[in-house]
Amino acid sequence: MSSKGLGAIVASGVVGAVVWAFTKAAKQEAEEQSAQGVVYVRQPNSGDTRKALLGSILDSVLSLAVDGVDRVPKPAPSTGFPTPTPAPAPAPKRGVSGLLDLIGKHEAPGGYDQVYGGSKIQPPKPITSMTVGEVLAWQDRSVAAGSKSSAAGRYQFLRKTLRSLVREGAVSMGDRFDKATQDRLATRLMERRGLGNYLAGKISETEFAQSLSKEWASLPAATKDKKGRAANGQSYYAGDGLNRALTNLGSVISAIRGIG
């Protein structure tokens, strides 16, 4: 039993006792008046004081009894208007990681060690364990042997692109061509293609997407392809017999918006 329920029972017993005392006092006063004769106007006496005191006690106990009863909270009054649904929190910004994931997923599903599938000469070991200089040397040998592409790594770096990154100091020949290096170099290529201008509001999402499609053939052209044809989901290099778009423009724009 709850403390409130117990309080109600105790209070009801006290009320009974007080009522009995009050009734007894009233009866005693009536007998005294009968013995003295009827009094129509009189001054307050001890009987009045006793009644007032008993009445005060009775009020207090009744209040206690009522307070001891459990109450069910009343519902808040309706305003007549529907309760507004909170707006969903905006998705957290991911920086360039989301865009890197999109590019890497389509350029090289096999990950950081993937090389062009038609290579005439395979690397002597996983390219993530090779230095940049070793990767370039293998790319030269592969192309010399008749490979149509020298693409290597998660972002399919061509030997010409990789050498240009070495020349500008973005990487050294002795750096290991591991995951961290490949991510860093891919971000550098984004910067070449207008990442800073996009973040500064100098170019639009569409302009940035168009520029990225020139770097990674798996991304669709956003405005037109290399031959001047209006963009319709095709690669910027569509028609070269080697490249095609592997995702849609909406996915590229969504990844760009997630940068920040």
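Predicted model: local features only at pLDDT ≥ 70, side-chain atom pairs only at ≥ 80, totals over all residues.
Where is Leu 219 found: in a helix or in a loop?

## Leu 219, a buried loop residue

Leu 219 sits in the loop that runs between helix 8 and helix 9 (249–257). Its relative accessible area is 0%, and burial here means a value under 20%, so Leu 219 counts as buried.

What does Leu 219 touch, leaving aside residues up to four places away in sequence? The contacts are Ile 103, Leu 212, Ser 213, Ser 235, Tyr 236, Ala 245, Thr 247 and Val 252.

## Val 252, on the helix 9 side

One of the residues that Leu 219 touches is Val 252, which belongs to helix 9. Val 252 is buried as well, with a relative accessible area of 1%. Beyond four places in sequence, Val 252 touches Leu 102, Ala 209, Leu 219, Pro 220 and Thr 247.

Val 252 and Ala 209 are 43 residues apart in sequence, with 6.8 Å from C-alpha to C-alpha.

## The chain as a whole

Of its 260 residues, 34% count as buried. The accessible surface comes to about 15,800 Å², and carbon and sulfur atoms hold 58% of that.

Helix 5 has four residues to look for on its buried side: Thr 161, Leu 162, Ser 164 and Leu 165. Viewed down the helix axis, these buried residues fall within an arc of 160°, so they line one face of helix 5. An α-helix has 3.6 residues a turn, so residues three or four places apart point the same way.

What do the buried residues of helix 5 pack against? Their partners are helix 4 (132–144), helix 6 and helix 8. On the other side of helix 5, Lys 160 and Arg 167 are exposed. Just after the helix comes Gly 169, with a positive phi of about 85°.

## The largest pocket

The largest pocket holds about 870 Å³ of space. It is lined by 34 residues, and the closest to its centre are Ser 149, Gln 156, Leu 158, Ala 217 and Asn 243. Helix 3 (97–107), helix 5 (159–167), helix 6 (179–192) and helix 8 (205–215) are the elements that give two or more residues to the lining.

Which element gives the largest share of the lining? That is helix 5, with three residues. By residue type, the lining of the largest pocket divides into 14 nonpolar, ten polar and ten charged residues.

## Gln 182 in helix 6

Helix 6 is also the place of Gln 182. Is this glutamine buried or exposed? At 0% relative accessibility, Gln 182 counts as buried. Leaving out residues up to four places away in sequence, Gln 182 touches Tyr 112, Thr 128, Gly 153, Arg 154, Tyr 155, Phe 157 and Phe 177.

Note on methods: Residues numbered from 1 in each chain as written. Heavy atoms only, no water. Buried < 20%, exposed > 50% of the residue type's maximum accessible area, 1.4 Å probe, protein only. Areas by Shrake-Rupley, 256 points an atom, 1.4 Å probe, with all protein chains shown as cover. 1 Å grid on protein atoms, 1.4 Å probe; cavity = no way out; pocket = protein on both sides within 12 Å on 5 of 7 lines; lining within 4 Å. Points joined across faces, edges and corners; volume = space filled by probe spheres on them. Nonpolar A, V, L, I, M, F, W, Y, C, P; charged D, E, K, R; others polar. Arc of directions from axis to C-beta. Contact = heavy atoms within 4.5 Å.
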